[in-house]
Amino acid sequence: MRRHLANRYSPYFPYHSMSPSTIGEPTTCVIVDDELHAQQLLERYVHRVASLRLLATYDNAVDAYQQLPQWQPDLLLLDVQMPEMSGLEFLRVYPAQRPLTILTTAHADYALDGFELGVVDYLLKPVLFDRFLLAVSRA
């Protein structure tokens, strides 16, 4: 399932601040996580950072794999453990020109695998906002 978030500066998002025109082009991102709570937390974090713009959120890697090329995001926030296709499997089969990727997971066991696949950073859940900012700044 995909949720499209076209206008991050809408009044429905309480954390909007600066418009993209005042800071240059925002970094576009897509969230892929099967846990609703984790999706909502990451969405709130993205909306709090003026230099980020959320394009879409997916609750599984299969749908994201099929639809990600249409978005062409700069950044992918990708959960590791998901049904059907894990985040690591997603990275192994996705074409070479994939977005910069930050893995999110509750398990530290996958960090080495993630870095071997070229991820920018690795966030352990529950993700704290200051750690999220650090990861995004590395992207």
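In which loop is E84 found?

Tutor: E84 is found in the loop between strand 4 and helix 4 (87-93). Here helices (H or I, at least four residues) and strands (E, at least two) are DSSP runs, numbered from the N terminus. Before the details, two notes on the basis. This is a predicted model, in which local features need pLDDT of at least 70 and side-chain atom pairs count only at pLDDT 80 or more, whereas totals for chains, interfaces and linings use all residues. Residues are numbered from 1 along each chain as its sequence is written, and side-chain values use heavy atoms, with hydrogens and water left out.

E84 has a positive phi of about 70 degrees although it is not a glycine. Its relative accessibility is 69%, so E84 counts as exposed; the cut-offs are under 20% relative accessible area for buried, over 50% for exposed and partly exposed in between, with a 1.4 Å probe and protein chains only. Q72 also has a positive phi without being a glycine, with a value near 50 degrees. Q72 lies in the loop between helix 3 (61-71) and strand 4, and at 63% relative accessibility it counts as exposed.

Strand 4 (75-79) holds D79. D79 has 2% relative accessibility and therefore counts as buried. Beyond its neighbours within four places in sequence, D79 is in contact (heavy atoms within 4.5 Å) with V32, D33, D34, G87, T104, T105 and K125. With K125 the side chain of D79 also makes a polar contact of 3.2 Å. A polar contact is a pair of N or O atoms within 3.5 Å; within protein, one must be able to donate a hydrogen and the other to accept it, and residues adjacent in sequence count only if both atoms are side-chain atoms. The C-alpha atoms of D79 and A38 are separated by 9.1 Å, at 41 residues apart along the chain. K125 is also joined to P126 by a cis peptide bond, with omega about 0 degrees, and P126 sits in the loop between strand 6 and helix 6.

V32, one of the contacts of D79, belongs to strand 2. At 0% relative accessibility, V32 counts as buried. Not counting residues up to four places away in sequence, V32 touches Y58, N60, A61, A64, L76, L77, L78, D79 and M82. V32 and V62 are 30 residues apart in sequence, with a C-alpha to C-alpha distance of 9.8 Å.

Strand 2 (residues 27-32) pairs with strand 3 in the parallel sense over six bridges; two strands pair if DSSP finds at least two bridges between them. In this pairing T27 stands opposite L52 in strand 3. Six of the seven residues of strand 3 are buried, so strand 3 is largely enclosed by the rest of the structure. Strand 2, helix 2 and strand 3 make a right-handed β-α-β unit: with the strands pointing away from the viewer, the path from the first strand over the helix to the second runs clockwise.

Helix 6 (residues 129-138) has F132, A135 and V136 buried. Seen down the axis, the buried residues of helix 6 fall within an arc of 100 degrees, so they line one face of the helix; the arc is that of the directions from the helix axis to the C-beta atoms. These buried residues pack against helix 2 (36-48), strand 3 (52-58), strand 4, strand 5 (100-105) and strand 6 (121-124). The exposed residues D130 and S137 are carried on the face turned away from the buried side of helix 6.

For the whole protein, there are six helices and six strands, running β-α-β-α-β-α-β-α-β-α-β-α from the N terminus on. Buried residues make up 47% of the 139 residues. Among contacts between residues at least 6 apart in sequence, 61% join residues at least 24 apart.

On confidence, the protein averages a pLDDT of 86, and 83% of the residues score at least 70; pLDDT is the predictor's confidence in each residue, from 0 to 100. Over residues 5-22, pLDDT stays under 50, and the model has 32 contacts beyond four places in sequence for them. Where pLDDT is low, the predicted coordinates should not be read in detail.
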